Amino acid sequence: MLDTSEENRRRHSLDPHQPVWLFGYGSLIYKADFPYLERQPAYISGWARRFWQGSHDHRGTPDQPGRVVTLIETPGHRCDGMAYRITPNVFEHLDHREKNGYLRLRQTLTFNDGHTTDGLVYIASEDNAAFLGPADEADIARHIAGSHGPSGSNRDYLVQLAEALRAIDAHDEHVFNLERHLQEMNR
Ligand code: BEZ
């Protein structure tokens, strides 16, 4: 399996005493299993959240990868999520948790009151080995409905993400369409 944790350690030399903002747009919104100094809803501009990344280690297996979110550069879009102010040592845990193709990139975060700050975001780019790419949303929902991995079902990942977005009043058509397809499959 592709492991990006070493590359993430190499590419950012962070001052250990200087807290940084981390933007979460997937499981980081609802699963904050790390210490943080504060958190606030925020968004980044020019990116769209898509279930286009394969998951070999959390919501699927190497033989049957699940589908999880990554960000795709999309002018005019905005992606809502949650920003956490953390101390850099927390990245040791997060780089391991998100090692299946995700690299930390610098982005400008905008908080709901309009002020902006620099932050880091985990993004799995289209050239990473676990990238699955676009598909019809009904097909993606069927794929998610049939996938399971060590962190649980792919269905729970999608439903928890949709619930977490509603809790911060964020609308994401792609995520909510997939959730609706899942619900229709159960009828
Ligand atoms: C996130 O929730 O920001 C996230 C999504 C995918 C991988 C790593 C982090």
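A polar contact is a pair of N or O atoms within 3.5 Å; within protein, one atom must be able to donate a hydrogen and the other to accept it, and residues adjacent in sequence count only if both atoms are side-chain atoms. The structure examined is a predicted model, in which local features need pLDDT of at least 70 and side-chain atom pairs count only at pLDDT 80 or more, while totals for chains, interfaces and linings use all residues. Residues are numbered from 1 along each chain as its sequence is written, and side-chain values use heavy atoms, with hydrogens and water left out.

The ligand site is described first. A backbone N or O atom of Y25 lies 2.8 Å from an oxygen atom of the ligand. For G26, a polar backbone atom is 2.6 Å from an oxygen atom of the ligand, and for S27 the corresponding distance between a polar backbone atom and a ligand oxygen is 3.3 Å. On its own the ligand has 270 Å² of accessible area, of which the protein covers 98%; accessible areas come from the Shrake-Rupley method with a 1.4 Å probe, and for residues only the protein chains shown count as cover. Two or more residues of the shell around the ligand come from each of β1 (20-24) and α2. Ten residues surround the ligand, and the closest are G24, Y25, G26, L28 and Y102; a residue is near a molecule or strand if one of its heavy atoms lies within 4 Å of it. By type, the shell holds six nonpolar residues, three polar and one charged. Here Ala, Val, Leu, Ile, Met, Phe, Trp, Tyr, Cys and Pro count as nonpolar, Asp, Glu, Lys and Arg as charged, and the others, Gly among them, as polar.

The aromatic rings were examined next. A pair of aromatic rings is described by the distance of the centres and the angle of the planes. Rings of Phe, Tyr and Trp (its six-membered ring) pair if their centres lie within 6.5 Å; planes under 30 degrees apart count as stacked, over 60 as edge-to-face and the rest as tilted. Seven aromatic pairs are found in a search of the whole structure. In one of them, the ring centres of F34 and Y36 are 6.2 Å apart and the planes stand at 65°, so this pair is edge-to-face. Y36 also forms an edge-to-face pair with Y84, with 5.1 Å from centre to centre and 65° between the planes. This second pair links distant parts of the chain, since Y36 lies in the loop between α2 (27-30) and β2 (38-55) and Y84 in strand β3 (residues 66-86), 48 residues apart. Burial is defined by relative accessible area (buried under 20%, exposed over 50%, partly exposed in between; 1.4 Å probe, protein chains only). F34 is buried because its relative accessibility is 7%, and Y84 is buried at 0%. Y36, at 35%, counts as partly exposed.

Charged groups also lie over rings. A charge sits over a ring if NZ of Lys or CZ of Arg is within 6 Å of the ring centre and within 35 degrees of the ring normal. The charged end of R78 is placed over the ring of Y43, 3.7 Å from its centre. Y43 belongs to strand β2 and is buried, with a relative accessible area of 18%. The C-alpha atoms of Y43 and G81 are 5.7 Å apart in space, although these residues are 38 apart in sequence. In another case, R166 lies over the face of F176, at 5.4 Å from the ring centre.

Several single residues complete the description. S45 is also placed in strand β2 and counts as partly exposed because its relative accessibility is 47%. Its C-alpha atom is separated by 8.6 Å from that of T74, 29 residues apart along the chain. E92 lies in helix α3 (residues 90-97) and, at 58% relative accessibility, counts as exposed. Between E92 and S5, 87 residues apart in sequence, the C-alpha distance is 8.4 Å. Most residues other than glycine have a negative phi. D169, a residue other than glycine, has a positive phi near 60°. D169 lies in the loop between α5 (154-167) and α6 (173-185) and is exposed, with a relative accessible area of 74%.

Methods. Helices (H or I, at least four residues) and strands (E, at least two) are DSSP runs, numbered from the N terminus.
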